[in-house]
Amino acid sequence: MKLHQLDLNLLLAFDALMKQRNVTRAAEQLFISQPAMSHALNRLRQFFADPLLVRSQAGMVPTARALELHLAVHQALALLEQQLSRPAQFDPATSRRRFVLSTTDYVECVLIPPLIRRLKQIAPLVGIEIHILRDKLPEEGLANGEVDLVLGFDEYMKLPGGLQKETWLTEPLAGLVSQDHKVVGTRVSLEELTTLPHVFHSPLGTRESIVDTWLAQLGLRRIISVNSQSYMSAAAIVSQTDHLLVLPQKVAELLAGAWPLKRVALPEDLPDYHLNCVWHPLHDRQPALQWLRQLIRELI
């Protein structure tokens, strides 16, 4: 297969077909006729020796080969467009841009409120849309622009090659127990850390964190009796039981102010959490994203 044998306009047609999953809508996107788009699809099928899009009751369904090709084709087209066009100027005071952040509930609790307050002052028409980060980093969304930034901790971030990453915050851990806890005073000892029952806040449904990795290095383990994917439910459980909840210090402060809980210190050698920002290099020089990254850095 030789690139010089392919009409590069067919890649635009392929990208439109994969986005629309419909020949007529793809033709409208590129301002060409429906027969011309059908002809382009046939040529693509011949070139790649694959049906690419197959009709079904639910519409046109891409083949495995089409899905594999599309990410690379879309990135190549986006890079070409970026290089050939002058960067659009970004005026936060008048922009109606809606930024999509894929992130954890830590960022929702700690960072998003001051971000929204700041936006109201300097960019009142700008919107923020939050997608909670799950067990897989949205690499394709970062590439095609559906996700602008990913904000998450190291333990969530198995970073694929080619993405940009900066560590923006180092956050110590703290403990929460009920206000009338009969065992814990102002500090949890290493022995108490391993003998008290834990509520484990696990937004991704994982069964261990950096706390467990650290304990394992000491030949120890803790007792996790409850797994919770929500800070609020974890706080509610701890407030009514003898359990311990280990979480980043800033969230511990917020929850202790809203629930009958007390914040306690943990063993000094426990590792910190690190808040990372990840984005795709295709959009590294986009003025709007440069502005947003700088704004969040300043808030942190």
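Student: Which residues is leucine 193 in contact with, leaving aside its neighbours within four places in sequence?

Tutor: Contact means heavy atoms within 4.5 Å. Leucine 193 is in contact with Val188, His198, Trp214, Leu215, Arg222, Leu244, Val246, Leu266, Pro267 and Leu270. The model is predicted: local features need pLDDT of at least 70 and side-chain atom pairs pLDDT 80 or more, whereas totals for chains, interfaces and linings use all residues. Residues are numbered from 1 along each chain as its sequence is written, and side-chain values use heavy atoms, without hydrogens and water.

Student: How many residues does the largest nonpolar core have?

Tutor: In soluble globular proteins, nonpolar side chains tend to be buried together. A nonpolar core joins buried (under 20% relative accessible area, 1.4 Å probe, protein chains only) Ala, Val, Leu, Ile, Met, Phe, Trp, Tyr and Cys residues through side-chain atoms within 4.5 Å. Here the largest core has 54 residues, and Leu151 and Leu193 have the most contacts inside it. Helix H12 (residues 287-299) supplies the largest share of this core, 6 residues. Another core, of 24 residues, lies apart from it and includes Met18, Phe47, Leu52 and Val73.

Student: In what order do the 5 strands of the open sheet stand?

Tutor: Strands of a sheet pair through backbone hydrogen bonds, either parallel or antiparallel. Helices (H or I, at least four residues) and strands (E, at least two) are DSSP runs numbered from the N terminus, and two strands pair if DSSP finds at least two bridges between them. The order is S9-S8-S10-S7-S11, with mixed pairing. Strand S9 (223-228) and strand S11 (261-264) are at the edges with a single partner strand each, so one side of each has no neighbour in the sheet. From one strand to the next, the twist averages 35°. Strand S8 (residues 197-201) and S9 run parallel, joined by 5 bridges; proline 197 has isoleucine 223 as its bridge partner in S9.

Student: Which strands does helix H10 lie across?

Tutor: Axes are lines fitted to C-alpha atoms, for helices over the stretch in contact, and angles between N-to-C directions run from 0 to 180 degrees. Helix H10 (residues 231-239) lies across strand S7 (173-178), S8, S9, strand S10 (244-248) and S11, at about 145° to S10. Helix H11 (residues 249-258) packs on the sheet and touches S7, S10 and S11, its direction making about 125° with that of S10.

Student: Where is the place of arginine 97?

Tutor: Arginine 97 is in the loop between helix H4 (64-84) and strand S3 (98-103). From leucine 218, arginine 97 is 121 residues away in sequence and 49 Å away in space, C-alpha to C-alpha.

Key. Buried < 20%, exposed > 50% of the residue type's maximum accessible area, 1.4 Å probe, protein only.
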